[in-house]
Amino acid sequence: MAGKKLKGLVIVESPAKARKIGDFLGKDYKVMASMGHVRDLPAGAAEIPVALKKESWSTLGVNVEADFEPLYVIPKEKKKVVKELRDALKNAQELIIATDEDREGESIGWHLTQLLKPKVPVKRMVFSEITKEAIQAAIDHPREMDEDLVSAQEARRVLDRLYGYRLSPLLWKKVRPKLSAGRVQSVAVRVLVQRELERLAFHSGTYWDIKAELGADGGQFSAQLTTVDGRKIATGKDFDEATGKLKDGSNALLLSEEHATQLREKIFKTDWKVASIEERAQVRKPYPPFTTSTLQQEGNRKLGLTARQTMQIAQRLYEDGYITYMRTDSVNLSGEAITSSRARVDDLYGHEYLSPEPRQFTTKSKSAQEAHEAIRPAGTKMQTGEELGLAGQELKLYSLIWKRTMATQMAEARLRFQTVTISADETEFRATGRHVEFPGFFRAYVEGVDDPEAALDDQEAALPPLKENQSLKCQELEAIGHETKPPARFTEATLVRALESEGIGRPSTYATIIGTIQDRGYVRKSGNQLVPTFLALAVTRLLEEYFPKLVDFQFTAKMEQTLDDVATGNADRLPYLREFYSGADGLDSQVKANEENIDPRKACTLELEGVESKVRVGRYGPYLQKEDNGESITASIPDDVAPADVTNEIAEKLIELKQQGPTSLGMHPEDGLPIYVLSGPFGPYLQLGDVVEDQPKPKRVSIPKNVDPTTMTLPLAIEYLGLPRTVGQHPETGKVVKAGIGRFGPYVLHDKVYKSLPKEDDILTVDLPRAVELLKQARRRSAPEPLKELGKHPDSGDTIGIYEGRYGPYVKQGKINATIPKDKEIEHVTLEEALVWLADKAAKKGGGRAGSTKSSAAKKTAAKKKKKAAKKKATKKKAAAKKKKSTKKKKSSDS
């Protein structure tokens, strides 16, 4: 093919996408990957061109003095990519931009055309799925570059840069170095902080009720006390969260334990009968197909995936041609998708489960583009994940998408609900039942719920056959006490839903935002909950006090709408940017006016309701501070203590422990070493022996949360330091079951499967039957799936990938894990950087397999350089000696 030009150079973002599309297009086209953005605003001072470094705006990367013109640079790691693309373009008859069809994809495509400066025709091909038919249709029907989309993305990028680069340095000065502020990020943190403050202000209330187990001819069922003498009894919703008492004006009857117990004794042996029966039928319609937001929510609820993991897996499924494009706000399904889904439903579930007519959904979001499709299986075969040969997390997420798509074309579910009122003396009880008369789309898909106590739609809970005036037998009657609960913390699923409902940000960015606020130390995860830190409270309060508009929900939503208007051509970016940044109330003026007024000490001090000590946010974490006889006393707050969980009692105990210092309980009878009670960043712990330089660290074990460290005794401490202990042999496998205390508290362990111990269990006394019961509830962890594969190690050949960890993303090679620096976005991590981090980690570990890898790649490079330098030095030495000899000879001949 020498000398013959290619039909076209097709540019996509990723190698995986390039390979797949290249297979479809054949040898007439060359498909190459840009590896994401080929140019961007400077990431640091080193990337700013020398000629512009003295400009006052250069650190922003945006010329605020000239219509907010962005300063675009080609990152060092992208220069090679750009050169390769330029060289390939020389042998092509046309340039075809095939980046994603959203704003970011359009922006990448536009930057490519600006950099490559093609002298051949430029075409833009778009597609929502990577199948042969879709790619052929896209290349046969190209369009022009959408300048409005490009302008909207540029405005978004500039706005985010100005927001972050003006506010973040302020936070470095006033709170802590390396903090960040962001247009959506800071508002998302505020959402979490507000909920934490609600929990902090919450006052619990106590109430009692009675539960009855009743027998009828057709079986047994439960009923709950609802009224006494015609007066409704109080439940959780009757309480005022601010006082823990009944709301003003409430007529509900608040039962005490004594009253409930007396009532139980009185009515237990009385006559029970059915007073009334109410029935109602209900029809449930299928849920719309997945959008980016709903996929993230269900991935979190059903699969326990983070938003970031969901999007990474979805990206792979899309690039491999299994699903349609995963960044979409649309619930629209194409005619072909509906037809093929209906055929698959008819085939798999039967005609009675098919909806009478094709069902289409309408998108509520104004910014959604109906030309785009919802997330669904690609193509028209609608194969299951098993039929496609998928496995692991890809199979799980694909199956979720497949089932949801099938459900859209299935018949409605029909349910029947029963409410039965039962009378017993002056009391009334209520029993409710539900029966699924026809499951319809429930056969394929049932949406998850955020409330762990709520029933799923398809759960069957039918009552036995009952009729009015029927006598019942009371088999059991129990008085039960309850405490009202504070508002639940957000999970990733509920935060995504909240942000979307408020119009804050766009679903395609939520995964990155949720990851960033954790990486920056504003939020930590506790189980599935997102818990804001004391740092988040301090930063949010500062922004609320001095920059209220910038973290206002409505202002942020309006900002998002304006950017959408720019994308549709209904607004111009320039007037908006001027107003936002340079206006009288613009960002620049606000920062300049407030910078001197912000007192760092005040900004870093929090006063919690009911807590006498103040909370300080320090460089190394939060700590308590109080004055005692003119002396300032401080104590660190353990990392796992949430702001809303700090009480005066907890604060006083932490200070008491700090004042006591290392308390020796006595000597260990076997080791002959002192045992200390100490307090650290993860809470109180026991230590056997003293810390001695150049000696192994002494044994330490955390004190369980339900044990008061100030009452610790020597015998108890010896037992804790003896953990882990053998509980026994598992009855099924014969392998040892152990009990111990780890980083996250007490646990039982069997065959590499861990299960945390509930608060009511004692780590020192838990027996084998109980341990086996708990282990049955544990989920065996499958090998983690990489968020992104970076490539092979140059020596070992191991695949190096990026993984999501409890403390943030990390790179992994074999058994070596290395944390990715917090200021590094995972999208921009390169293989070369990962090799350095892994080598450093291996070196700190003192060798090991990857230690030898410091590895050879890094060491080999160093050795080559050393050899080259030695060779150069030897050559110079030889030349100098030769010259010296020549000069000596010449002098001798002259004489």
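What is the relative accessible area of Asp640?

Analyst: Asp640 has a relative accessible area of 28%, so this residue counts as partly exposed (buried is under 20%, exposed over 50%, partly exposed in between, with a 1.4 Å probe and protein chains only). Keep in mind that this is a predicted model, where local features need pLDDT of at least 70, side-chain atom pairs 80 or more, and totals for chains, interfaces and linings use all residues. Numbering runs from 1 along each chain, and side-chain values use heavy atoms, without hydrogens or water.

Asp640's partner is Lys705: their side chains form a salt bridge at 3.4 Å, N to O (a Lys or Arg side-chain nitrogen within 4 Å of an Asp or Glu carboxyl oxygen). Both ends sit in loops, with Asp640 between strand E19 (631–636) and helix H20, and Lys705 between strand E23 (699–702) and helix H21 (714–721), so the pair spans 65 residues of chain (DSSP runs: helices H or I, at least four residues; strands E, at least two). Lys705 is exposed, since its relative accessible area comes to 73%.

H20 itself, residues 648–660, carries another such link: Glu652 in that helix and Lys626 in strand E18 (residues 621–628) lie 26 residues apart. Glu652 counts as partly exposed because its relative accessibility is 26%.

Altogether, the structure has 45 salt bridges.
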